[in-house]
Amino acid sequence: MATEGGKSFARRDRLLEIESKVQNWWEDANVFKAESHERPPGPGEKFFGNFPFPYMNGFLHLGHAFSVSKLEFAAAYHRLRGANVLFPFAFHCTGMPIKASADKLAREIQKFGNPPVFPREVEEQEIEEPEAEAEVANDGAPPEKFKGKKSKAASKSGGQVYQWDIMRSFGLSDNQIVEFQDPYKWLEFFPPLAMEDLKAFGLGVDWRRSFVTTDKNPFFDSFVRWQMRKLKFMGKIVKDLRYTIYSPLDGQPCADHDRATGEGVQPQEYTIIKMEVLQPFPPKMAVLEGKRVFLAAATLRPETMYGQTNAWVLPDGKYGAFEINETEVFVLTERAALNLAYQKYSRVPERPTCLVELTGNDLIGLKLKSPLAFNDIIYALPMLTILTDKGTGIVTSVPSDAPDDYMALHDLKSKPALRAKYGVKDEWVLPFEIVPIIDIPGFGDRAAEKVCVDLKIKSQNEKDKLAEAKRLTYLRGFTDGTIVVGEFAGKKVQEVKPLIRSKLLETGEAIMYSEPEKRVMSRSGDECVVALTDQWYITYGEPEWRKLAEECLANMNLYSDETRHGFEHTLSWLNQWACSRSFGLGTRIPWDEQFLVESLSDSTIYMAYYTIAHLLHNEDMYGTSRSPIAPDQMTDEVWDFIFCGGPYPNSSDIPSSILNKMKQEFEYWYPFDIRVSGKDLIQNHLTFSIYNHTAIMAKQHWPCGFRANGHIMLNSEKMSKSTGNFRTIRQAIEEFSADATRFSLADAGDGVDDANFVFETANAAILRLTKELAWMEEVLAADSSLRSGHPSTYADRVFANEINIAVTTTEQNYHNFMFREALKTGFYDLQAARDEYRFSCGAGGMNRDLVWRFMDVQTRLITPICPHYAEYVWREHLKKEGFVVNAGWPVAEVPDLTLKKGNKYLQDSIVLMRKLLQKQTLGSKKGNKKAAPVTTTTEDNKLVVGLIYVNEQFNGWKAECLEMLRSRFDNSTRTFTSSDDGEILEAIQNSSVRPNDNFKMTQKLCMPFMRFKKDEAIALGIEALDLRLPFGEMEVLEENLDLIKRQIGLEEVEVLSITDPDALAKAGSLVRLIQLNPPSPGNPTAIFLSP
């Protein structure tokens, strides 16, 4: 028996043993091999699902497993139903992360030796890896478990983890690590290991269709070149000068998948206002004599420049005077100067030249002339809340409309000590008053002053209140504000904002400036800037193309409103996308081979490549083994023929049988039915896929559906290597088994919110699955003792009905990608029904046919989630032919919901009677006079006789109340057409069945009943207003007297009608208990007697 730390792992090891055996069965029979048919598939006859190929710079982990499990469960469900299922899987290697890591390794070996001896002067730096989804590059993980907090040697200067140590964490020896200086070694090492792990996970993939990307695979390289040429021919790829996120170290744009942090961050565009510094310059700036010097203030609101009263600088901030060209110098932060240098605003391109380093204190008091300002001269003043990682570190001050500016100026005016602290002269501040420039309804033309007074803001340091002040005024000022000064007076702000900006740019008083919205770090380790680059772009956002994308989206199944809104938002802003790179791995741009196709642009329609990959690759993911087809035979005419309905390529020397077979494969499988992905890819990859399909494919081949999911947490905490809260797929399988891991993934959650993989759930799954195996073995061993014949008892009918319900609801849950619910209805609920059935049968025992049907159905229903367990049961226990994975969905009769309600009534009644017996036996602990009399129980007078009183129909005033409620209820909307309960009360009071002559007493009795029945009707529908239940209460109870006796511990039970006067007489002195707690439909009451 396997043990670890004194703990037995025999149950887990049994599951691992079963999984190994079952995987061999599947492989021997090629169970997941998918072949097209000559006849096109009808609705539901085929299922093609795919998943964004994971990046191959490390091992796959539970983040990948969670996303791919959604597709795996869906594909397995459709396969079980009898559909022809294609589930392919490939490996992404395009882009810069692998090349950057290989080059970094080479530099370390060159600098520190082989094996490298790193410097002694190091600090310990914890490696914190953000949880990554299946489609995002990952840093990998060692094959063994992570233990506690890991730390790696990092140089004090850069804080960068050594690549050599990362490779060691993968479990590689020093001799092996050296080989990874070659980036193509990564492609040879990680994809086969990923395939092994996914096979061990039980993924139902047709592995013949697997491949890697980049020019390592000549067939895929040809495919991408064809795609790019096609887009360029259609005018979808252009060369243009545009702002883009850029890595100075890599010397190229840094797209989402090239980033260590900052995915989704876009360039933020500002207007830099050139605030000229007037002479004489202070001594610190004497070196700038002869130059035109400007404080460069970045603003998002150029329309407010009329109201400038000063400029703001951060007293302790670090600034520099940077050469923009031969004659102009900008004073700003070094970070902003670097961005400008990549936007063609530096005397030396891409290298900011600083003539003198300055602090904010050096700038205070500078005399300035600023564009559009009504004040001819303004001054640079101190502001304590400026952020130097946003904008340029220089801020224009418009106190009429900016709450921050108003409060900072107010502080300087009202606090002489503050002025003295920073050497601010009175004449720089006191003469300057608010200049009204924009009138905002509700705020007037001094909006900042009004909102600060209204919110009782006392200082520029009250950040939260100032944030609220900006929230109240900024958007309102843009949408509803009217300019009251200048040449555009009387016009709306949103109308004149672009006009004022254009005027400032045309007159040379301002320039355009962009920087990343948030900090972006490339995978090479440097901070990115925004660069103005001349390169190849795909014209996403082009109006006509966008219309096609929106049409495609409108017809897709996205499974949630949140996902649809995410796509709609992305389509609203997505614009030209840089598709070329000069560094990394991939396919060369066919017409400009100095560039590579970037990693998000070679992966937009490759789902089509899956349909023919097995015919090209001959089961070699690299496409280099002998194949009937050579890569150079895959010409553009051949690709067009296969994927775009082009003419037969007569010039091709590929045999017609193969060409026609490839076309058949594509036409049969396309369009794909579903693509499953993390929600973070909505903003790029998934939207790109829609665009490219609409451009290249015919409408009947556009995608049918996308399903997005959230990220995965482990035990309610973020996945992190540094804390040890991290598992690779291999580790999870070794720790829990594949099926228990899959079980916990299914239970983790199904929506777009983050899900939670709970180790306790996985461990509980091990116990549940192995105990169920043991139960089946026990039942099968005692098969002859089961009750034979047709199921006939009430318990039989209930259990058979529960099986039918499980089959029906679980199918719906699988169909809707609600796998947690499928696990509940197809496993948990079904097992609970089996356990209830076992108890209900009593001495008569369970029906053999029903037990075998239960085992068959439960095995099929759990197959998509726990296929190894199910396959083993199918073959070894149930002795069935073939494989359960394609055995067919179980057949079921239409569920009898009335029978289910009747059984619930029975179970609830038993619980109620147990409580009544306890109450009658013990009496009231409060000593209430109305309570049941205390009975001293002995063996002679033990309460073992039960009289159950039933009232099967509402009558009197309650019946009249229900009829009136029913007439006012709309069952289609589950709402009441009238909320006036007074009409009903008045009608009851005037009827012959009124409960009391006093109206207030009638109201007191009727209102609680009406409220209860109305709430019940809204929740359950109009049947809640029926006068009686849809089944006979007495019939249900009488048919289950034996169960009631066993459950409550009684010797005799009699079911009586409250409407029978003779029945009440049987209660004797306890009739008062019935009067205090009278039965009503659905709520019987009971008293208990001694023999």
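Two strands count as paired if DSSP finds at least two bridges between them. Helices (H or I, at least four residues) and strands (E, at least two) are DSSP runs, numbered from the N terminus.

The structure is a predicted model, in which local features need pLDDT of at least 70, side-chain atom pairs count only at pLDDT 80 or more, and totals for chains, interfaces and linings use all residues. Residues are numbered from 1 along each chain as its sequence is written, and side-chain values use heavy atoms, with hydrogens and water left out.

**Confidence**

The predictor's confidence in each residue is given as pLDDT, from 0 to 100. The chain has a mean pLDDT of 90, with 94% of its residues at 70 or more. Residues 122-159 stay under 50, and the model has 142 contacts (heavy atoms within 4.5 Å) for them beyond four places in sequence. Residues 924-931 also have pLDDT below 50, with five contacts in the model beyond near neighbours in sequence. Where pLDDT is low, the predicted coordinates should not be read in detail.

**The four-stranded sheet**

Four strands form an open sheet in the order E4-E3-E27-E28, with parallel pairing. Because strand E4 (84-86) and strand E28 (706-709) are at the edges with a single partner strand each, one side of each has no neighbour in the sheet. The twist from one strand to the next averages 20 degrees; axes are lines fitted to C-alpha atoms, for helices over the stretch in contact, and angles run from 0 to 180 degrees between N-to-C directions. Four bridges join strand E27 (residues 674-678) to E28 in the parallel sense, and Val676 has Arg707 of E28 as its bridge partner. Helix H18 (residues 607-617) lies across strand E3 (46-50) and E27, at about 115 degrees to E3.

**The three-stranded sheet**

A further open sheet has three strands in the order E34-E31-E35, with mixed pairing. Its edges are strand E34 (1052-1057) and strand E35 (1085-1089); each has a single partner strand, so one side of each is left without a neighbour in the sheet. Here the twist averages 20 degrees from one strand to the next. Strand E31 (residues 945-950) pairs with E35 in the antiparallel sense over five bridges, and Ile948 has Ala1086 of E35 as its bridge partner. Helix H29 lies across E31 and E35, running at about 45 degrees to E35. Helix H34 (residues 1041-1048) also packs on this sheet, where it touches E31 and E34 and makes about 120 degrees with the direction of E34.

**Pocket and cavities**

Grid points are joined across faces, edges and corners, and a volume is the space filled by probe spheres set on the points. In the classes below, Ala, Val, Leu, Ile, Met, Phe, Trp, Tyr, Cys and Pro count as nonpolar, Asp, Glu, Lys and Arg as charged, and the others, Gly among them, as polar.

| Space | Volume | Lining by class |
|---|---|---|
| Second largest pocket | about 1300 Å³ | 19 nonpolar, eight polar, 13 charged residues |
| Largest cavity | about 90 Å³ | eight nonpolar, four polar, two charged residues |
| Second largest cavity | about 70 Å³ | five nonpolar, five polar, two charged residues |

The second largest pocket has a volume of about 1300 Å³. It is lined by 40 residues, of which Lys904, Asp908, Glu1016, Leu1029 and Gly1082 are closest to its centre. Helix H26 (819-841), helix H29 (897-922), helix H30 (956-967) and helix H32 (999-1020) each supply at least two lining residues, and H29 gives the most, ten.

The structure holds four cavities of 30 Å³ or more. The largest cavity is lined by 14 residues, with Ala795, Val798, Glu836, Ser840 and Asn903 closest to its centre. Helix H25 (794-815), H26 and H29 each give two or more residues to this lining, and H25 has the largest share, five residues. Twelve residues line the second largest cavity, and Phe53, His92, His257, Ser603 and His685 lie nearest its centre.

**Backbone exceptions**

Most residues other than glycine have a negative phi, and most peptide bonds are trans. The bond from Asn114 to Pro115 is cis, with omega near -5 degrees; Pro115 lies in the loop between helix H3 (97-112) and strand E5 (122-126). Gln279 and Pro280 are also joined by a cis peptide bond, with omega about 5 degrees. Tyr559, not a glycine, has a positive phi of about 70 degrees and lies in the loop between helix H16 (543-554) and helix H17 (561-573).

Methods. On a 1 Å grid over the protein atoms alone, a cavity is a set of points where a 1.4 Å probe fits but cannot get out, and a pocket is an open set with protein on both sides within 12 Å along at least five of seven lines; lining residues have an atom within 4 Å of a point.
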